[in-house]
Amino acid sequence: MHRSYRIMIASAAAASVTATMAVAAQAREPEAQPFAASACITSFTVHTSEDWGADGDEPYLKGLWSAPGSMDDGSTAAVNATVAVGSVVEAWDADSPDPDDFIGSDTVGGSSGTLTFKGDDAHYSAQYSRGAC
């Protein structure tokens, strides 16, 4: 076989292999991204209520949970809400017809712990553990 034909055949074969590799690379599925670690907010406690009087507070964790009813000083309620580690959780006291009162915010850590919310003369806390609820 003539030398120039061998070079053309070798070049064509190399181009075919390169094209096949490019198609295979495009068809490959994207690498899986790691999931964010999660935590379960298990309970919520009103240590000192914001509202004065016998009615207590109507606390909620914004976008996650609302108290089943009015909560007085020392009251604890189950929450069971899953959040991502590193999430900022906001605690509020629902007031009507007045605007709701922002009590405070805290960040969920990487292990079990307590979120503390203090503001507007109130003190709330929430317990959380590592892992989804």
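## Salt bridge

The count of salt bridges comes to one, a salt bridge being a side-chain nitrogen of Lys or Arg within 4 Å of a carboxyl oxygen of Asp or Glu. Its partners are Glu-90 and Lys-62, whose closest N and O atoms are 4.0 Å apart. The pair links distant parts of the chain: Glu-90 belongs to strand 5, while Lys-62 lies in the loop between strand 2 and strand 3, 28 residues apart. Side chains of opposite charge can pair when their charged atoms come close.

Glu-90 counts as partly exposed because its relative accessibility is 26%. On this scale, buried means under 20% relative accessible area, exposed means over 50%, and partly exposed lies in between, with a 1.4 Å probe and protein chains only.

## Basis of the model

The structure is a predicted model, in which local features need pLDDT of at least 70 and side-chain atom pairs count only at pLDDT 80 or more, whereas totals for chains, interfaces and linings use all residues. Residues are numbered from 1 along each chain as its sequence is written, and side-chain values use heavy atoms, with hydrogens and water left out.

An open sheet is formed by four strands in the order 3-2-5-6, with antiparallel pairing. Strands (E, at least two residues) are DSSP runs numbered from the N terminus, and two of them pair if DSSP finds at least two bridges between them. At the edges are strand 3 (65-66) and strand 6 (101-107), each of which pairs on one side only.

Strand 2 (residues 59-61) and strand 5 run antiparallel and are joined by three bridges; the bridge partner of Leu-61 in strand 5 is Ala-91. Between strand 5 (residues 88-93) and strand 6, also antiparallel, there are six bridges. Here Val-88 has Thr-107 of strand 6 as its bridge partner, and Trp-92 stands opposite Phe-102.

## Phe-102 in strand 6

Phe-102 is located in strand 6. With a relative accessibility of 39%, Phe-102 counts as partly exposed. Leaving aside neighbours within four places in sequence, Phe-102 is in contact (heavy atoms within 4.5 Å) with Glu-90, Ala-91, Trp-92 and Asp-120. Phe-102 and Ala-91 are 11 residues apart in sequence, and their C-alpha atoms are 6.4 Å apart in space.

Seven bridges connect strand 7 to strand 8, and the two run antiparallel. Across this pairing, Thr-116 stands opposite Ser-125 of strand 8.

## Ser-125 in strand 8

Ser-125 has its place in strand 8 (residues 122-130). Ser-125 counts as buried because its relative accessibility is 7%. Its side chain and that of His-47 are joined by a polar contact of 2.7 Å. A polar contact is a pair of N or O atoms within 3.5 Å; within protein, one must be able to donate a hydrogen and the other to accept it, and residues adjacent in sequence count only if both atoms are side-chain atoms.

Beyond neighbours within four places in sequence, Ser-125 is in contact with Ser-43, Phe-44, Thr-45, His-47, Thr-114, Leu-115 and Phe-117.
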